[in-house]
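This report follows one protein chain from individual residues to its overall make-up. Please keep the sequence and the model at hand while reading.

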Amino acid sequence: MGRFFRIFILPGAILQSVNIGGGYGTGRELVEFFSRHGMGNGLMGMGLATTLMSVTFATALLLSRRFEAYDYRSFFKVLLGRGWFLFELLGVSMFVLVLAVMGAAAGQIINAELGASPVIGGMVMLFAVVTLNFFGRDLVTRALAMWSFVLYAVFIAYFLTVMSRYADAADFSLLSWHYDPAWVVSGFQYALYNVSAIPVILYAARAIETDRQAIAAGLAGGLITMFPALLFHLSFLGAYPDIVRQELPVYAMFATLSAPVLQSLYLVVLVGTFIETGAGNIQGVIERLDGWWRERRGVPLTRTAHAGVAAAALLCSGALSAFGVVALIADGYGTLAWGYLVIFIIPLFTIGIYRLRNPEAST
């Protein structure tokens, strides 16, 4: 990968990869936080969420570069001092929930397409994620970055197909908007729980060399992460408001398109996003455990231990997936979002800014 890509594109590609799992990739997450408020209001909510994510990512990358903190344990030691473990408590909860959402979505799709038990989807994910994490950071990083290009290509093809199919039926007056506290709160919530991935994927920012690069990479990262969300939201225009009631909205849209080849590609890409989201999040946990083990023993954990961590995480999250995608997203994500406001966002823009201005100060 070229220098420009590693500095300015890779951090955003990795952030997108770990955020675009079961809820985002199926469209359910976007309906829950944006589309259900109205198409125009949803666009405004996305604009708010994108701005918050970009500014937060830029600030976090700047802090990470200045203090060479490339795993979340090191990062929160800079930010919270002895209170660093508070993020871990919250992060593990979100981590397990994300994996559970992916497991539930994968199970539903495998069952609908092949008539097979939902357990099969979980087994495919388990094997692929464990394999990626066994081979380490370089493979995980390259896989996540390259898959982002595939994902973008298929999602753009989906968007163009939907727009050509629904061009006459789409009511563009639905894009009008008005101020409503509901979409503002949803935009904040969406940004708050999605930025939770930032400290976990700081391993993707090791190539950044200057403050300007960190800021540019962070601002670009928010846009890279949210652009597919914009395409999905706009693609619902011709099927609104019925699409809001669908458990897997994008999958439901494909059922009306009569585009079997594109639908097959989408399903392959979607399962791939589940795998990359799982592998990317677990790699962040492995980076933290490697740092801890290196402090104790002078060497990182073995590849076998990395694979074991991945397997244990996926097996633990499997039980939660039984609750279903809608319930997990509506109840779990929204609640945890406020925890990240207290543990991450407020400290980042208070203590973090202070540490950037006064690097010798201690927390």
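## A glycine inside helix α4

Gly45 is buried, its relative accessible area being 0%, where buried means under 20% relative accessible area, exposed over 50% and partly exposed in between, with a 1.4 Å probe and protein chains only. The residue belongs to helix α4; helices (H or I, at least four residues) and strands (E, at least two) are DSSP runs numbered from the N terminus. Leaving out residues up to four places away in sequence, Gly45 touches Phe34, Trp183 and Gly187, contact being defined as heavy atoms within 4.5 Å. Gly45 and Asp180 are separated by 135 residues in sequence, and their C-alpha atoms lie 10.0 Å apart in space.

## Basis of the description

The model is predicted, and local features need pLDDT of at least 70 while side-chain atom pairs count only at pLDDT 80 or more, although totals for chains, interfaces and linings use all residues. Residues are numbered from 1 along each chain as its sequence is written, and side-chain values use heavy atoms, with hydrogens and water left out.

## Overall make-up

The protein chain holds 14 helices and 0 strands. Of its 363 residues, 58% are buried. Among contacts between residues at least 6 apart in sequence, 87% join residues that are at least 24 apart. The chain exposes about 14,800 Å², of which carbon and sulfur atoms supply 65%; accessible areas come from the Shrake-Rupley method with a 1.4 Å probe, and for residues only the protein chains shown count as cover.

## The nonpolar core

The largest nonpolar core has 84 residues, and those with the most contacts inside it are Phe75, Tyr158, Tyr190, Phe236 and Phe344. Such a core is a set of buried Ala, Val, Leu, Ile, Met, Phe, Trp, Tyr and Cys residues joined through side-chain atoms within 4.5 Å. Helix α4 provides the largest share of this core, 9 residues. Apart from neighbours within four places in sequence, Phe344 is in contact with Thr56, Phe75, Phe76, Leu79, Val195, Ile198 and Pro199.

## A buried glutamine

Gln16 lies in helix α1, residues 3–19, and counts as buried because its relative accessibility is 0%. Its side chain reaches the backbone oxygen of Ile224 at 3.4 Å. Beyond neighbours within four places in sequence, the contacts of Gln16 are Ser148, Leu151, Tyr152, Ile224, Thr225 and Pro228.

## The surface patch

Val55, also in helix α4, is partly exposed, with a relative accessible area of 36%. Together with Ile215, Leu219, Phe349 and Ile353, Val55 forms a nonpolar patch on the surface with about 360 Å² of accessible area. Helices α10 and α14 (325–357) each supply at least two residues of this nonpolar patch. Patches are made of residues with over 30% relative accessible area and no salt bridge, like charges being joined within 9 Å and nonpolar side chains (Val, Leu, Ile, Met, Phe, Trp, Tyr) within 5 Å; a salt bridge is a side-chain nitrogen of Lys or Arg within 4 Å of a carboxyl oxygen of Asp or Glu.

## Backbone features in two loops

In the loop between α4 (39–67) and α5 (72–80) lies Glu68, which has a positive phi of about 50 degrees although it is not a glycine. Glu68 is exposed, with a relative accessible area of 63%.

A cis peptide bond, with omega at about 10 degrees, joins Tyr240 and Pro241. Pro241 is found in the loop between α10 (211–235) and α11 (249–254).

Notes. Polar contact = N/O pair within 3.5 Å; in protein donor to acceptor, adjacent residues only side chain to side chain.
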